[in-house]
Amino acid sequence: MADATLDAKGLNCPLPILKAKKALKELANGQTLEILATDPGSVKDFEAFTRTTGNKLVETGEDGGVYRFVIERVA
Amino acid sequence: MTEGGVDLNNTKKMTIICTKGTLDWAYPPFILGTTAAAMDVEVTMFFTFYGLGLLNKDLDLKVSPLGNPAMEMPMMGMHVGMPNLVGMLPGVTSGATAMMKNMIKNKGVASIEELREAAVLSDVRMIACQMTLDLFEMKKEDMIDGIELGGAATWMESALQSDINLYM
């Protein structure tokens with residue numbers, strides 16, 4: 001169970017990333033954020049985002065066109 | 001943190017020169033600027049010529065199909081371009097703008113106002129070109145808060161310390 005959830009369904013690039021960054025800022029290090037998105041581009045984007053910022057992408061998945069990401073705040 | 005002109009800070013930096021003020025061309029700089037800021041990049045945006053209008057408090061951005069054969073709008077399952085002869089008619093620009101804004105909304109794409117607000121909130125440094133302000137008789141009071149005025153040298157200083165410099 002993640003510490004917070006961000007519903008980014010229906011949003012297009014770059015909004016899921018921008019909103020995720022904002023939500024991550026409100027978490028403490030070690031806490032996790034779950035993101036739900038429908039933008040297929042967000043799959044590669046969240047990988048790049050976490051690699052670049054040092055945050056950890058701990059889980060990814062897809063269910064019926066909804067992509068799910070869990071990011072642990074590290075930086 | 002600089003010493004002898006050398007940046008000792010490890011933060012990545014980027015500058016974007018924004019020269020265009022139409023609805024379509026307003027997107028690339030704000031998308032990349034806000035995304036870079038979200039990825040911990042220190043961003044400077046320099047607004048000059050027609051791009052300067054992007055800093056106005058009230059935005060009324062437009063897009064025109066005139067002279068833009070690449071602008072084909074999805075319509076009834078097809079992509080339809082507009083002959084220049086039609087694009088030049090009164091009302092076509094506002095019609096095309098309304099269509100584009102409608103598409104933007106329906107596809108969950110951010111508005112420019114929204115992206116600009118995100119840029120402000122993520123401390124993107126925004127510089128309004130003083131020369132353009134004078135040239136087009138624009139006023140800083142009509143622009144959003146938190147911007148600064150500057151010129152080519154102001155951008156140069158930033159650009160020399162940056163990892164990425166883009167011109168749009």
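Which residue of S4(A) does A:Leu36 stand opposite? The residue is A:Arg68. This is a predicted model, in which local features need pLDDT of at least 70, side-chain atom pairs count only at pLDDT 80 or more, and totals for chains, interfaces and linings use all residues. Residues are numbered from 1 along each chain as its sequence is written, while chains are lettered from A and ligands numbered from 1 in the order in which they are written.

Helices (H or I, at least four residues) and strands (E, at least two) are DSSP runs, numbered from the N terminus. Two strands pair if DSSP finds at least two bridges between them. The pairings of strand S2 (residues 32-37) of chain A are tabulated below.

| Partner of S2(A) | Sense | Bridges |
|---|---|---|
| S1(A), residues 4-8 | parallel | five |
| S4(A), residues 66-72 | antiparallel | six |

A residue is buried if 20 or more other C-beta atoms, placed from the backbone, lie within 10 Å of its own.

In chain B, helix H1 comprises residues 23-38. At 1.5 Å a residue, its 16 residues should span 22 Å, and the end C-alpha atoms are 23 Å apart, which agrees; the expected span is 1.5 Å times one less than the number of residues. Buried residues of H1(B) include B:Leu23, B:Phe30 and B:Ile31. Just after H1(B), B:Asp40 takes a positive phi of about 65°.

Methods. A residue is buried if 20 or more other C-beta atoms lie within 10 Å of its own, exposed if 12 or fewer, and partly exposed in between; C-beta atoms are placed from the backbone.
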